[in-house]
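Subject: Structure for you to look at

Hello,

Here is the structure I said I would pass on. My notes on it follow below.

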Amino acid sequence: MPETENTLTCAFHPNRETTLRCNRCNRPICIKCATHTPTGYRCPECIRSQQKVFITTKWYDQVIAALITGAVAFAGSLLTGLVGFYTIFIALGAGYLAVLATKKAISNRRSPLLKIVMSTSALLASIFPAFIYYYRVYWLSGIGLAWGWYDMAWRLAYGVIVTANVYYQLRK
Ligand SMILES: [Zn+2]
Ligand SMILES: [Zn+2]
């Protein structure tokens with residue numbers, strides 16, 4: 001720019017003046033191109049390359065992740081119920097183990113979708129057995145339904161805690 005050194009023009013729109021710079025590559029960018037991130041403004045190219053780094057999973061990783069997370073969540077659900085309060089510890093342990101085992105199996109690859117896949121799998125694998133168990137043990141046999149709901153409440157709590165735990169571990 002001829003007049004002053006301080007006048008910048010957007011790297012993507014040569015006719016737009018701006019005072020912003022991308023805080024990663026330092027390119028001048030106009031307000032339309034800038035994306036506000038927790039660490040500052042980023043240009044479209046830096047945002048794109050950043051997203052590429054985050055998505056490293058192969059398609060089959062999602063399947064493996066769903067199976068392993070589901071299997072661990074399901075195994076944990078078999079231990080819950082009448083153990084009452086200890087359900088919380090089983091849920092925390094199962095959630096931790098599910099994420100650990102899955103990450104190992106897919107070599108730590110990651111993507112935003114993986115978080116959804118694993119959380120959904122944990123939820124289904126832990127809540128579904130609770131209903132089947134309730135139906136078979138309390139509903140069909142006619143054992144006191146009130147007692148059944150105490151058992152059921154812990155089983156549902158297990159599902160919620162294990163799912164939240166998996167989600168929390170993958171939040172980044
Ligand atoms: Zn940039
Ligand atoms: Zn621009």
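Two residues are in contact here if their C-beta atoms, placed from the backbone, lie within 7 Å. Please keep in mind that this is a predicted model.

By that contact rule, Val162 touches Ala73, Gly76, Ala91, Ala94, Gly95, Ala122 and Ser126, leaving aside residues up to four places away in sequence. Val162 also belongs to the largest nonpolar core, which has 21 residues. Together with Ala73, Ala94, Ala98 and Ala122, Val162 is among the members that touch the most others in that core.

Where does this core come from? At least two of its residues are supplied by each of α2 (59-77), α3 (87-105), α4 (112-139) and α5 (145-169). The largest share is that of α4, with six residues.

As for the overall layout, the protein chain has four strands and five helices. Their order along the sequence is β-β-β-β-α-α-α-α-α. The protein chain is more spread out than a compact globule, because its radius of gyration is 25 Å, well over the 16 Å that the globule rule gives for 172 residues. The C-alpha trace spans about 85 × 30 × 25 Å along its principal axes.

Two totals for the protein chain complete the notes. Of its 172 residues, 29% are buried. Among contacts with a separation of 6 or more, 61% join residues 24 or more positions apart.

Regards

Conventions:
Residues numbered from 1 in each chain as written. Chains lettered and ligands numbered in written order. Predicted model: local features only at pLDDT ≥ 70, side-chain atom pairs only at ≥ 80, totals over all residues. Rg over C-alpha atoms; globule rule 2.2 N^0.38 Å. Buried ≥ 20, exposed ≤ 12 C-beta atoms within 10 Å, placed from the backbone. Core = buried A, V, L, I, M, F, W, Y, C linked by C-beta atoms within 7 Å.
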